Amino acid sequence: MKLLVSFIFFHAKVNARQSNNWIKSILNNVGQRVFPKQDIAAVVHNYFEDIFQASNVDELALASTLDCIPAMVTDEPNQALTKSFTVTDVDAALKSMGSNKSPSIDGMSAMFYQQNWSTVRDIFSKVVLSILNDGADPTILNRTIITLIPKIKKPQQMKDFRPISLCNIISKLVSPKC
């Protein structure tokens, strides 16, 4: 009986949390509350489209600013910084990743690759090195799942959420930040 009560309590907690984490409505950019799923999706899309839109760059001002910055890297360190990546570099980068962080879009965490490195090393390294050293197109690996985490107890608008992105492990290795 005690086990049944514990199960019912746990199940109720899970259901409550799931209900609280569901976005049932949201305020759009003019303050109107929208409810239908497609309207909520449009608000989310428009919000991120606005904040990630590239602005025009004043090329003359940029060139003028860059001309004022003295070169600090000499030829020897520059050669070390621009040399090709190796399998050893890929191995070290993978080992430095947190093994139990959130899984990637394919459901695999870094732990899977770390523990099965002897099996996946060759193909994994080949893909990573072809992107980093040869300029292979990483577009096929560029899929992510974006999850919105509430910043406050009862979020009302998009600024009340923090997005996190679940991208695959190769993308995490070849991107400055994923």
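Reader: What does the accessible surface of the chain come to, and what share belongs to carbon and sulfur atoms?

Author: This is a predicted model, where local features need pLDDT of at least 70, side-chain atom pairs count only at pLDDT 80 or more, and totals for chains, interfaces and linings use all residues. Residues are numbered from 1 along each chain as its sequence is written, and side-chain values use heavy atoms, without hydrogens and water. Areas follow the Shrake-Rupley method with a 1.4 Å probe. The surface comes to about 13900 Å², and the carbon and sulfur share is 58%.

Reader: What percentage of the 178 residues in the chain is buried?

Author: Buried means under 20% relative accessible area, with a 1.4 Å probe and protein chains only. Of the 178 residues, the buried share is 20%.

Reader: How many helices and strands does the chain have?

Author: Both are DSSP runs, numbered from the N terminus: helices are H or I with at least four residues, strands E with at least two. Along the sequence the pattern is α-β-β-α-α-α-α-α-α-β-β-α. The count is 8 helices and 4 strands.

Reader: At what angle do helix α5 and helix α7 pack?

Author: Axes are lines fitted to C-alpha atoms over the stretch in contact, and angles run from 0 to 180 degrees between N-to-C directions. Helix α5 covers residues 87-96 and helix α7 residues 117-134, with axes 10 Å apart. Their angle is about 115°. Angles of 65 to 115 degrees count as roughly perpendicular, so α5 against α7 is roughly perpendicular.

Reader: Which residues in α5 meet α7?

Author: Contact means heavy atoms within 4.5 Å. On the α7 side are W117, R121, F124, S125, V128 and L129. From α5 come V87, V90, D91 and L94.

Notes: Angles under 35 degrees count as roughly parallel, over 145 as roughly antiparallel, 65 to 115 as roughly perpendicular and the rest as oblique. Buried means under 20% relative accessible area, exposed over 50%, partly exposed in between (1.4 Å probe, protein chains only).
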